[in-house]
Amino acid sequence: SSAASARVDLDGNPIKPLTICMIGAGGFIGSHLCEKLMNETQHKILALDVYNDKIKHLLEPDNLPWHGRITFHRLNIKHDSRLEGLIKMSDLTINLAAICTPADYNTRPLDTIYSNFIDALPVVKYCSENNKRLIHFSTCEVYGKTIGSFLPKDSPLRQDPAYYVLKEDESPCIFGSIEKQRWSYACAKQLIERLIYAEGAENGLEFTIVRPFNWIGPRMDFIPGVDGPSEGVPRVLACFSNNLLRGEPLKLVDGGQSQRTFVYIKDAIEAVTLMIENPARANGHIFNVGNPNNEVTVRQLAEMMIKVYSKVSGVQPPETPTVDVSSKEFYGEGYDDSDKRIPDMTIINRQLGWNPKTSLWDLLESTLTYQHRTYAEAIKKVIAKPVAN
Ligand code: NAD
Ligand code: UDP
């Protein structure tokens, strides 16, 4: 449309339609990015993934307004000779593919390391060799623990932002010992970041690295026993949603004392779109993408989700709304945790003028409304008639 073709970048220049090779396009973030690019831009997407359930609504039927601008390629980047050709056909590659659920880091450390480091290597190599731009998804977890977490519990310095705010160009990466296999993910992501950075420095690769800080919203992960394995452990939003839908207490790991900042997926996708359309401002940078104003402990998150769910579903919370579980019981041996994650926003603000907008309450209200609409009936059936497996 003329509205879409009149899009301009942050410097007022018209934006040329791009062909984007999006790897992991069928996941949570990929599905929202595809949706935004189809609705609001003229870019073309080659969507690569092993699954397409979360983008089916963008692929079918044939009379969708963006028909022909998005094509799905079912492939596993571990072993598929089509990968290089698809990268060569594109102006830009976005790599989202990864194993990125904490329950896997300590229980499937080999798969985690292969997925986040080894499997990403050919993507980086093909981009570098073919002079193609790369936007690679890393994680806030590369920061690991805060410096402040090593201070005595009663130290007043713990209140000083210098000891906890996470800065792309200054903060160190602090992981636990090798037995704490939780850090296999963060360490693999750190090494792929260093490799991409080195390709930029030595071979001129045009890259942008994204460090998401707990992006949440509709379509995140799965509800165990409904659209994922009944014994599966997704990330916290889906774990708590599952508990709320089933009327069970929410499980607080090690007392729920860890702190997180949550950002609404739709806010975060705005930031990614700015990176896509403003290469001169985004290339060579690592960006924190999060909402420093939405900080809670996991316990506070649980309490807020209980209130919001009750409001949007009209269902009374259970008498015992939360229970404590040990991390060993919940995740097994080798789990460890990030204590606190406040993103510094200086660089993304300066380069892209981006700021998150949605409060935690508002994003939970829209997300839990979606969860209730999508899953409440299915859960009733599962509870009434448990399937033997
Ligand atoms: P997700 O699991 O929903 O999406 C990842 C997608 O990649 C999945 O659809 C999966 O099928 C696909 N994939 C994995 N391995 C593949 C392979 N070998 N070949 C083809 N496809 C493959 O996760 P997400 O939340 O959308 O995360 C996307 C990226 O962002 C990941 O790199 C993750 O580490 C990073 N990240 C996300 C968050 C967050 O808050 N959601 C936080 C930190 C980092
Ligand atoms: N968590 C919890 N109960 C759950 C699931 C997760 O208390 O049912 C905690 C987990 O220990 C961590 C936080 O919630 O402290 C966030 O977990 P998530 O899996 O979303 O990923 P992370 O932010 O650790 O990468």
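**Exercise 1. Find how many salt bridges the whole structure has, then study three of them.**

*Solution.* Start with the total: a search of the whole structure finds 21 salt bridges, a salt bridge being a side-chain nitrogen of Lys or Arg within 4 Å of a carboxyl oxygen of Asp or Glu. As background, side chains of opposite charge can pair when their charged atoms come close. Please keep in mind that this is a predicted model, where local features need pLDDT of at least 70, side-chain atom pairs count only at pLDDT 80 or more, and totals for chains, interfaces and linings use all residues. Residues are numbered from 1 along each chain as its sequence is written, chains are lettered from A and ligands numbered from 1 in the order in which they are written, and side-chain values use heavy atoms, leaving out hydrogens and water.

Step 1. Look at Arg 108 and Asp 104: their closest N and O atoms are 3.3 Å apart. Arg 108 counts as partly exposed because its relative accessibility is 36%, and Asp 104 counts as buried because its value is 15%. Here buried means under 20% relative accessible area, exposed over 50%, and partly exposed in between (1.4 Å probe, protein chains only).

Step 2. Move to Arg 299, which forms a salt bridge with Asp 324, with 3.3 Å between the closest N and O atoms. This pair links distant parts of the chain, 25 residues apart: Arg 299 sits in helix α12 (residues 298-313) and Asp 324 in strand β14 (residues 322-325). Helices (H or I, at least four residues) and strands (E, at least two) are DSSP runs, numbered from the N terminus.

Step 3. Finish with Glu 333 and Lys 328, a salt bridge whose closest N and O atoms are 3.5 Å apart. Both Glu 333 and Lys 328 are exposed.

**Exercise 2. Describe the surroundings of ligand 2.**

*Solution.* Step 1. Count the shell: 19 residues surround ligand 2, each with a heavy atom within 4 Å of the ligand. Among the closest are Lys 251 and Tyr 335.

Step 2. Sort the shell by class: ten residues are nonpolar, two polar and seven charged.

Step 3. Check individual atoms. A polar side-chain atom of Asn 214 lies 2.9 Å from an oxygen atom of ligand 2. A polar backbone atom of Lys 251 is 2.7 Å from a nitrogen atom of the ligand.

Step 4. Consider the cover. Ligand 2 exposes 530 Å² when taken alone, and the protein buries 96% of that; accessible areas come from the Shrake-Rupley method with a 1.4 Å probe.

How values were computed
Near = heavy atom within 4 Å. Polar contact = N/O pair within 3.5 Å; in protein donor to acceptor, adjacent residues only side chain to side chain. Nonpolar A, V, L, I, M, F, W, Y, C, P; charged D, E, K, R; others polar.
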